[in-house]
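Thanks for coming, everyone. Let me put the structure up, and then we'll walk through it.

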Amino acid sequence: MKAVVTVVGADKIGIVAGVTAILAQEQANILEISQTLLSGAFTMMMLIESPENVDFAALQANLAAKGDELGVTIHVQNQAIFDAMHKL
């Protein structure tokens with residue numbers, strides 16, 4: 001399953017490490033990644049691929065909990081849904 005992960009918040013040390021540690025724990029591979037810093041604001045967007053049998057709700061919950069710990073907002077959305085929402 002492919003999913004889009006977005007991370008937004010104030011920049012601080014450990015955001016990338018914290019998010020990628022959860023992804024590795026969940027056996028998710030990062031296919032594409034982009035991050036930007038703008039006046040202290042951090043944004044990151046990733047396309048990930050995880051095993052088909054992944055518990056998607058658990059992945060979302062684990063990333064959301066890590067986001068709370070890091071003081072950022074993390075959203076995870078199935079790529080098919082993301083694509084459908086942004087298709088004209």
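What share of the 88 residues in the protein chain is buried? Buried residues make up 33%. Buried here means under 20% relative accessible area, exposed means over 50%, and partly exposed is in between, with a 1.4 Å probe and protein chains only.

Some ground rules. This is a predicted model, where local features need pLDDT of at least 70, side-chain atom pairs count only at pLDDT 80 or more, and totals for chains, interfaces and linings use all residues. Residues are numbered from 1 along each chain as its sequence is written, and side-chain values use heavy atoms, with hydrogens and water left out.

Now the layout. The protein chain has three helices and four strands. Along the sequence the pattern reads β-α-β-β-α-β-α. Helices (H or I, at least four residues) and strands (E, at least two) are DSSP runs, numbered from the N terminus.

Overall dimensions next. The radius of gyration is 13 Å, and that agrees with a compact globule of 88 residues, which would have one near 12 Å. That radius is taken over C-alpha atoms, and the globule rule is 2.2 Å times the number of residues to the power 0.38. The C-alpha trace spans about 35 × 35 × 20 Å along its principal axes.

On to the strands. Strand β3, residues 41-49, pairs with strand β1, residues 2-10, in the antiparallel sense over nine bridges. Alanine 10 has alanine 41 as its bridge partner in β3. Strand β2, residues 29-38, also pairs with β3, antiparallel, over nine bridges. There, asparagine 29 stands opposite glutamate 49. Two strands pair if DSSP finds at least two bridges between them.

Look at the turn. The hairpin of β2 and β3 has two residues between the strands, and serine 39 takes a positive phi near 50° in it. Serine 39 counts as exposed because its relative accessibility is 81%.

Glutamine 27 also has a positive phi, near 60°. Glutamine 27 sits in the loop between α1 (15-25) and β2. At 58% relative accessibility, glutamine 27 counts as exposed.

Last stop: lysine 66, in helix α2, residues 56-70. Is lysine 66 buried or exposed? Buried, because its relative accessibility is 17%. Lysine 66 touches Gly18, Val19, Ile22 and Ile74, leaving out residues up to four places away in sequence. Contact means heavy atoms within 4.5 Å. The side chains of lysine 66 and glutamate 69 are joined by a polar contact of 3.0 Å. A polar contact is a pair of N or O atoms within 3.5 Å; within protein, one must be able to donate a hydrogen and the other to accept it, and residues adjacent in sequence count only if both atoms are side-chain atoms.
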